[in-house]
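Colleague: Could you walk me through this model before I start on it? I would like to go element by element.

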Amino acid sequence: MSQKKFIDFTKVNVEKLKRDTVGLNTFESTKEHFTKYLKEDAFQDIEDMIGQTWVFLYENQIIGFITLAMADMNRRETEKYQSFPYGNIPALLIGRLGTHKDYVKCNVGMEMLYFALEEAKNLSKDYGCRLLMLNPEADVIKWYTDRNFTHIPHNNDQDICFIDIKLSNITKPK
């Protein structure tokens, strides 16, 4: 796996996934199920209005993608929100976040996380959105907790990672 060492993120375009998106046929994640999702299943999620997938394009290649959807988290999931006035806390869900195998460890994931946080903050201005959350695969939990996400393990169900966007200090460098 050859890795590119530098990406000029000022030259990265973010677009909604379309069937004719440049670089779609050549996208390959380190995780085969993410490659399949982007090339096949994401379109069904878009059509069914379950999630919207955004692609990050650099030099006519998809370097990563993120699927976002609306969600909520029950306040009883964590002690932190026991005094929250409602039973569920509104959230933006990261359904999938995948990086092209040639761009692993090039900050593509962090760039997509900045994007998701900005989307969540923008939603909070008009509709209410307090959390950015996901149901992580085991191998990425540490990546999220290193970025101040709280991890809630579940024995027989999907784990949850979340960050409170009102309290988050994650900001994209200028």
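**Helices, sheet and cores**

Modeller: Let me begin with α1, which has a kink of about 50° centred on leucine 38, where the bend at a residue is the angle between axes fitted to the seven residues ending there and the seven starting there. Bear in mind that this is a predicted model, in which local features need pLDDT of at least 70 and side-chain atom pairs count only at pLDDT 80 or more, while totals for chains, interfaces and linings use all residues. Residues are numbered from 1 along each chain as its sequence is written, and side-chain values use heavy atoms, with hydrogens and water left out.

Colleague: How far apart are the end C-alpha atoms of α1, and what should the helix span?

Modeller: The end C-alpha atoms of α1 (residues 32-47) are 22 Å apart, which agrees with the 22 Å that its 16 residues should span at 1.5 Å a residue. The expected span is 1.5 Å times one less than the number of residues, and helices (H or I, at least four residues) and strands (E, at least two) are DSSP runs numbered from the N terminus.

Colleague: Which residues of α1 are buried, and what do they pack against?

Modeller: Phe34, Thr35, Tyr37, Leu38, Ala42 and Phe43 are the buried residues of α1, where buried means under 20% relative accessible area, exposed over 50% and partly exposed in between, with a 1.4 Å probe and protein chains only. They pack against β2 (52-58), β3 (61-74) and β4 (88-99), a contact being heavy atoms within 4.5 Å. Just after α1, methionine 49 takes a positive phi of about 60°.

Colleague: And the sheet, what is its strand order?

Modeller: The sheet is open, with seven strands in the order β1-β2-β3-β4-β5-β7-β6 and mixed pairing; two strands pair if DSSP finds at least two bridges between them. β1 (13-16) and β6 (150-152) stand at the edges with a single partner strand each, so one side of each is left without a neighbour in the sheet. On average, neighbouring strands of this sheet are turned by 30° against each other, direction ignored.

Colleague: How many bridges join β2 to β3, and how many join β3 to β4?

Modeller: β2 and β3 run antiparallel and are joined by seven bridges, with leucine 57 opposite isoleucine 62 in β3 and tryptophan 54 opposite isoleucine 66 in β3. β3 and β4 also run antiparallel, joined by eleven bridges, and there alanine 71 stands opposite alanine 91 in β4. Ten of the 14 residues of β3 are buried, so β3 is largely enclosed by the rest of the structure.

Colleague: What about the loop between β2 and β3, is glutamate 59 buried or exposed?

Modeller: Glutamate 59, found in the loop between β2 and β3, counts as exposed because its relative accessibility is 59%, and its phi is near 50°, a positive value in a residue other than glycine. Asparagine 60 has its place in that loop between β2 and β3, where it takes a positive phi of about 60° although it is not a glycine, and it is exposed, with a relative accessible area of 65%.

Colleague: Switching to α2, which strands does it lie across?

Modeller: α2 lies across β1, β2, β3, β4, β5 (131-134) and β7 (160-164), and runs at about 155° to β4; axes are lines fitted to C-alpha atoms, for helices over the stretch in contact, and angles run from 0 to 180 degrees between N-to-C directions. Helix α2 (residues 108-126) has 19 residues and reaches 28 Å from its first C-alpha to its last, close to the 27 Å expected. After α2 comes glycine 128, whose phi is positive, near 95°.

Colleague: Which residues touch the most other members in the largest nonpolar core?

Modeller: Ile66, Ile94 and Leu132 do, in a core of 32 residues, where a nonpolar core is a set of buried Ala, Val, Leu, Ile, Met, Phe, Trp, Tyr and Cys residues joined through side-chain atoms within 4.5 Å. The elements giving two or more residues to this core are β2, β3, β4, α2, β5, α3 (141-145) and β7, and α2 gives the most, with nine residues. Not counting residues up to four places away in sequence, the contacts of isoleucine 66 include Trp54, Phe56, Ile94, Met112 and Phe115. A second, separate core of twelve residues includes Phe34, Leu38, Ala42 and Val55.
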